[in-house]
Amino acid sequence: MFQQTRTHTAVCLAILAALLAYAILGGYFAREIVVEIAILAILAISLDLVAGYGGMVSLFNGAIMGVAAYGYGALTVKFEMHPVPAAILGVALAATFGTLVGAIVANTAGIFYIMATLAFGQMAYTIVFQSRWLGGDDGLAGLPRFDFEAIGIDMNDPLVFALFAIVLVILVYLAAAGLLRSAFGRTLCGIHSNEARMRALGVTTWIPKMRALGTSSLLAGIAGILAAQHTQYISPELLHWTVSGEVLIVVILGGLGTLTGALVGAVAFVALKHGVGGYTDHWHIVVGIVLIAVVLAGGRGLFGQFHHLLGRRRNRAADASSARSHPHA
Amino acid sequence: MSESGFWALQLLNALQYSMLLFLLSIGLTVIFGLLHFVNLAHGALYMMGAYIGVSVAAATGSYWAAFFLAPLAVTAIGAVLYFTLIERLRQAGPMNQVLVTFGLIFIFLDLVRMGWGDIALGLDVPQAMAGTASVLAVEYPVYRLFIIALGLLIMGALLFVLSRTQIGAMIRASVENAAMASAMGINVQRLFVCVFCVGCALAGLAGVVAAPVFSASTGMGISILIPTLIVVVIGGLGSLQGAIAGSLIVGFLETMGAVLFPELAAILVYVLLAAILVIRPKGLIPARG
Amino acid sequence: MLEIRNLRKSFGGIEVTRNVSLSLTPGERRVVLGPNGAGKTTLFNLLAGELKPTSGEILLDGRPITHLSVSQRARAGLSRSYQKNNLFEDLTIRQNLQLAAAAGKGRTTSLFRDPLQDRELAVIVEEVAEQVSLSDMLDVDVRHASYGNRRQLEVGLALATRPRILLMDEPTSGVGPGMIKGFHHVLANLPRDLTIVIIEHDLDLAFDVSDRITVMNYGEVIFEGTPEETRGNRVVRDIYLGNWQADA
């Protein structure tokens, strides 16, 4: 079950503060990194919701992000819609697609579930890739950012945009935490823990499972809008399944089923990518090795392992102090 | 070109693509059916087969050297992977298997880029197959006919082995119920290794065979993985007949579909996948009843 | 209240449930006896909806439920505890009961309210914990709970949905004699309007607790009657040869 402990909050705040400081004090490049981390963090949160808490590992969150991005792109570039309603519709499109897939795959599990989401993601990729109208291979350029000039906010300023990205991360985290603490979220965790028993208790389990994928897709859609507005250009590569694979890596790296791990993983992944990328073109190999190492080491991820060790230390201290006060227990 | 000639061409193309899919999916499906192991790196092995084939051919000047040595090399790679990682992860659950093999995809991707660079590499077809032959009233490249023939030959061989030989019976028994098979004295562990190696060999073979047609490129493992997975799910995990049926269905759907209704073709495969997942999640010809 | 008519179930050529008919009145305590393999758990699976019958009907309050899903039957008031513990292993005992209570009240879909903070559900959790004697252990992780406690929780989960009919599959299986007495106590404290069907092997418990007894063997009902009638029946005695004395 989800529980926002003090450790969770402390680590979240630390990361957000660090990102804030980096954006404000760093230069242009730092702000680009912060947005990149933010997009990845939002995607990772959306995946942790279904995979970590719902137990349904889906491999198409990248594609969902792309669906929202292309929805936004098509509406703003092709139909010249105002960015705000276009963004809302883009997110809605992502959520709808996710819900539909959720309904189709709700009764599959394990590897079938993974493969099904993988395939549907590739379907979206193929549709976009083949569509001349959407720019095909060349993608769509000229996507607008939100225009808040009226209230004195210049979204074209990289610092402002980076701050906007951080705000979105906070909002998405709070939304996910809220969802996990709701009846819906608790039911989802129950289904993860023992689906058959949930059914025997009267829950029609495919419905919450479908809704979980839909909600996750909504959040991933937000990442899509952010990504679209960031580079103001989108290409089919956004929807390729390797992007979804990277999101899964981020979640595992940070810690599956911790929510805070999504933030930790995003920072770690981007740091790794740019850190290694500074030395060599071949950061993929490093990611691959790190991933395998994390899984073989028990799979708890950076924050997961940290939290686990803290818990062990607390239990040992509690046992020690209770042994002292009850020597004959 | 005449109308019938055009369709004959499409038919042959579809058949050729199906054979390639078959070579890849049969390895993947039996590995999954027998070892319950999700090997996303199967596509990477295919890619290694292609690149190793290119190097062997360049070094020896002979396509046939590549044809025989590349699958062996890929099998060796597979064996190393099996004993270092895969055996450890067999009980690990699909997510961890996906993660680790995904990590392997990343590693192989960069290994290939480091070893062979980023540009696609070609492999020449053997001199003897360089021309075209007259088949079904069209001129069709002999090499592609070779691919079809090879695929059918291996299909036949595997069908024979699985249904008529003792080892085939042991494999089928172990797919259906490994614990029971083991209790009956079948060395299931050794069978696993054998089957895994054969699966890798077939992937490597598919790679070296495909290289003259598609070129060896860093994206090839990734791009072939999804169609292969779809074949495996549609056909049924662990089933040879399923792999045959699945690869023919997907091969024809993608090839003919691209001609008949180009926009829909790509999506059709996924619609079919969705239908199978909802109506017959065990696939068309499941290995277990 | 619950009626089973001519229920049959075959797997391939093997008939595991043969023409079983049974009728329960509201509030009845029915025990199903029979040797291993008699088809008792299969009958429960058919009642709960986890298996579909080959033929026959199941009616709840006169309404056919034969084609309803497991969750639909649960919502209609049918609840079940399992012979092998079927718990939420990674949660605490309290959270287990909270999930069940929430499900029972249909509070599983809201995006805003947290059932773990729901006071009405908390009351149900406390009542059920009291009923199954787990009040002191609510915050224990199921993983760290004793087998006996987990057995208690198994029943607790089934009770927490506040069902109208409760199926208990060998609730005391694997549990020591001290706990069996405790279970006796639990049963005695259950609401009298709750219809209960129990699969049991413990004959003392069966005779003590039941209003009527159904005896099964080889997938069919071979006897049904009051505890006294059952004790005196030759056919039944032959099955349980030597397991109890003819007179207490």
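## Domains of chain C

Domain bounds come from an automatic or database domain assignment. For chain C, that assignment gives domain 1 (1–77 + 163–226) and domain 2 (87–161). The model is predicted, so local features need pLDDT of at least 70 and side-chain atom pairs count only at pLDDT 80 or more, while totals for chains, interfaces and linings use all residues. Residues are numbered from 1 along each chain as its sequence is written, and chains are lettered from A and ligands numbered from 1 in the order in which they are written.

The centres of domain 1 and domain 2 of chain C, taken over C-alpha atoms, are separated by 24 Å. Their contact takes 12 residues from domain 1 of chain C and 10 residues from domain 2 of chain C; two residues are in contact if their C-beta atoms, placed from the backbone, lie within 7 Å. On the domain 1 side, strand S7 (165–169) and helix H6 (177–188) of chain C are the elements that give two or more residues. Helices (H or I, at least four residues) and strands (E, at least two) are DSSP runs, numbered from the N terminus. H6(C) supplies the largest share of that side, 3 residues. By class, the domain 1 side has 9 nonpolar, 3 polar and no charged residues. Here Ala, Val, Leu, Ile, Met, Phe, Trp, Tyr, Cys and Pro count as nonpolar, Asp, Glu, Lys and Arg as charged, and the others, Gly among them, as polar.

## The sheet of chain C

In chain C, 4 strands form an open antiparallel sheet in the order S2-S1-S4-S5, where two strands pair if DSSP finds at least two bridges between them. Strand S2 (14–24) and strand S5 (63–64) of chain C each have a single partner strand and stand at the edges, so one side of each is left without a neighbour in the sheet.

Strand S1 (residues 2–11) and strand S4 (residues 55–60) of chain C pair in the antiparallel sense over 5 bridges. Within this pairing, C:Glu3 has C:Leu59 as its bridge partner in S4(C). Helix H1 (residues 40–48) of chain C packs on the sheet and touches S1, S2 and S4 of chain C. The direction of H1 makes about 65° with that of S2(C); axes are lines fitted to C-alpha atoms, for helices over the stretch in contact, and angles run from 0 to 180 degrees between N-to-C directions.

## Helix packing in chain B

Two packed helices are described by the angle between their axes and the distance between the axes. The axes of helix H2 (residues 42–60) and helix H3 (residues 63–89) of chain B come within 8 Å and cross at roughly 140°. H2(B) and H3(B) are therefore oblique to each other; angles under 35 degrees count as roughly parallel, over 145 as roughly antiparallel, 65 to 115 as roughly perpendicular and the rest as oblique.

Residues making the contact include B:Leu45, B:Met48 and B:Gly49 of H2(B), and B:Tyr63, B:Ala65 and B:Ala66 of H3(B). By class, this contact has 14 nonpolar, 4 polar and no charged residues.

## Contacts with chain A

The contact between chains B and A takes 31 residues from chain B and 32 residues from chain A. Helix H4 (94–116), helix H9 (220–235) and helix H11 (262–279) of chain B each give two or more residues to the chain B side, and H4(B) provides the largest share, 16 residues. That side has 26 nonpolar, 2 polar and 3 charged residues.

Chain C also touches chain A, with 29 residues from chain C and 20 residues from chain A. H3(C) gives the most to the chain C side, with 6 residues.
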